[in-house]
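Open the model in your viewer and keep the selection panel at hand. The stops below say what to pick and what to look for.

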Amino acid sequence: MRYSDEHSLLYGQRETQISRFKAWVLLLVPLAAILFQVYIPLFFQFLAYLELPLIVTVYFALMRRSPIGGLFVGAFVGLAQDSLSKNPLGMFGITKTIVGYVAASVGLRLDVDHPLIRLILGFFFFVFHQFIFWALSRGLLGQQVAFETQRTLVLGLLNAIVAVSLFHFLDKLKERA
Amino acid sequence: METLLNRYRNITVLLLVIFAQLILLAYQVKNDSDVRLIRVWAVTAVTPLARTIEGARGGTEGFLQNYVFLRDTHSENEHMRTELGRLKLENQFLKTELATADRAKALQAFEQRSLSKMIAARVIATATGASASAVFVDRGSTLGVEKGMGVVTPDGIVGKVLAAYPTASLVLLATDPSFAAGVVSQKNHVRGILKGIGHGNCRVDYVQNEEKVETGEWFYTSGDDRIFPKGMPVGQVTAARPGNPFQEISLDPAGLASGLEEVLIVLQGVHQEIPDLKTASQDVYVGPPPPAGPADAQPASAQDASNPGANGAPVLPTDADKIREHYKDIGDAQGHKFGENPPGSKPVDFNFQIKPGDKPPAAKPVPSAKPPAAPAAAPTAKPDNQ
């Protein structure tokens, strides 16, 4: 078997593992994530550092394994988040569009059902998200903000741990074949 | 061409979506003053939901506290009937304390006391983003809230209205790096610009190194920014050290110190004076009159002793009184009565030296022509009552 055949086979296997969700899951879960971020930090301030909209975006992009689907999920979640933030519309939108696209592309190549892979991906995508957002803030808005590496890494780890648990819960909402 | 598009379909769509959002972003940044319709829709859709959730939570909590827990409290009170009287008094005291500490009442009192026109608002949500330093309040443009209005509490300033939607407003907190307000120190009236640093404290910029700012000193709004009226407390200086080119002043914002629940939006600001510092020289201590010593036992004149002041203390003689008394003694020693001697009589010798024993008691009338006899008694111990 040639490499190209083997690669196509692996790619095809991954594509057959596409998870499907009901429409209300795709609508309500991101909405709940955004509401969580808007409302819960009023009572538990430390939970403001949880990027649930990002985790949900990464999950749907990874599971759907469709780059176009992933980028649209990211764009919609990001724009919804933008509309409830102090930033101009599009900052979170662009960031999450890129994250959704990359996550879906990664989902095509990796076994994203393994908890360790999910932990690593959760950490990576949080740092990636923060970095793109920081770059856009400096590049497009001209804001002189510093990239707090240490803080981002710690928050990335915390978000990754939450992501693994949340992914496990969201797996139960998948449509059965 | 079609094959090429199919081959790079994913990346093409990605670029298109990002490009569309970039256009959107660029358009907004250019026209910063208008509120986007998507924001209005999103906020109008989300804030009633947040309000409903908050109402449900408050209702549930109220139900539990007012019914379930109250029943336990009531049964517990049954067992403590003997101490009811004491508990009532204690309860009354605590109620008063609670009422005083009640934030809503404090806000209302502050609102009435302040000359500025304000509207009370409740924080119903925080803005999205991991490092968001903005909150949503439940008062919007339908109640007169506009972009750029100041937001305060009785403790100090909180932030400013970033966007006013029909049912809610987005408030940028003073800790946000994009926040700025004109401030002035209380003691030396040093002016500067308050800026957020993203979390916790704020800093005061553009203060020359020569200006004196002390740790613990209060800063107030200067009114220069046309957001906050002059004279509102901002916070206390936690650190001040020389920097390049300006001083590095760290400030603890008083309005955000105890958490945010209710705030006041300044609809129409009225400048107020910055309260003065109380210095030691302003409080003048007025002590009681000194106790009567041996020298004071004999008053300078009988009139002085018999005419106490308004507070009952004897009136101390002036220099004029002392001279008058001296001439009167000289006249008495020579048998001269001022204003009564006929014309042509011997004038009084004002150079006459009075010996200590010669001073006659003022009570005794002295014959006009004769020199006084030896004094009957030394009047040193008791004052004359005449």
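**Stop 1: a helix in chain B**

Select helix 8 of chain B, residues 319-333. This helix has 15 residues. From its first C-alpha to its last it reaches 21 Å, close to the 21 Å expected at 1.5 Å a residue. Keep in mind that this is a predicted model. Now step past the end of the helix. Gly335(B) follows helix 8 of chain B, and its phi is positive, near 70°.

**Stop 2: strand 12 of chain B and its partners**

Select strand 12 of chain B, residues 262-268, together with strand 1 of chain B, residues 117-126. The two run antiparallel and are joined by six bridges. Which residue of strand 12 stands opposite Met118(B)? Look for Val266(B).

**Stop 3: where chain B meets chain A**

Show both chains. In chain B, 33 residues are in contact with 32 residues of chain A. On the chain B side, four elements each supply at least two residues: helix 2 (9-30), helix 3 (37-79), strand 1 and strand 5 (169-173). Which of them gives the most? Colour helix 2 of chain B, which contributes eleven residues. By residue class, the side of chain B that touches chain A has 25 nonpolar, six polar and two charged residues.

**Stop 4: chain A as a whole**

Chain A has seven helices and zero strands. From the N terminus on, its elements read α-α-α-α-α-α-α. Of its 177 residues, 47% count as buried. Now consider the contacts in chain A with a separation of 6 or more: residues 24 or more positions apart account for 68% of them.

**Stop 5: a helix pair in chain A**

Select helix 5 (residues 91-109) and helix 6 (residues 115-139) of chain A. They pack at an angle of about 145°, with their axes 9 Å apart. Helix 5 passes helix 6 in a right-handed crossing.

Next, show the residues that meet:

- From helix 5 of chain A: Met91(A), Ile94(A), Thr95(A), Ile98(A), Val99(A), Ala103(A) and Val106(A).
- From helix 6 of chain A: Leu121(A), Phe125(A), Phe128(A), His129(A), Ile132(A), Phe133(A) and Leu136(A).

Colour this contact by residue class. The contact of helix 5 with helix 6 divides into twelve nonpolar residues, two polar and no charged.

Conventions
Residues are numbered from 1 along each chain as its sequence is written. Chains are lettered from A and ligands numbered from 1 in the order in which they are written. This is a predicted model: local features need pLDDT of at least 70, side-chain atom pairs count only at pLDDT 80 or more; totals for chains, interfaces and linings use all residues. A residue is buried if 20 or more other C-beta atoms lie within 10 Å of its own, exposed if 12 or fewer, and partly exposed in between; C-beta atoms are placed from the backbone. Two residues are in contact if their C-beta atoms, placed from the backbone, lie within 7 Å. Two strands pair if DSSP finds at least two bridges between them. Ala, Val, Leu, Ile, Met, Phe, Trp, Tyr, Cys and Pro count as nonpolar, Asp, Glu, Lys and Arg as charged, and the others, Gly among them, as polar. The expected span of a helix is 1.5 Å times one less than its number of residues. Axes are lines fitted to C-alpha atoms, for helices over the stretch in contact, and angles run from 0 to 180 degrees between N-to-C directions. A crossing is left-handed if the near helix is turned anticlockwise from the far one by less than a right angle, and right-handed if clockwise.
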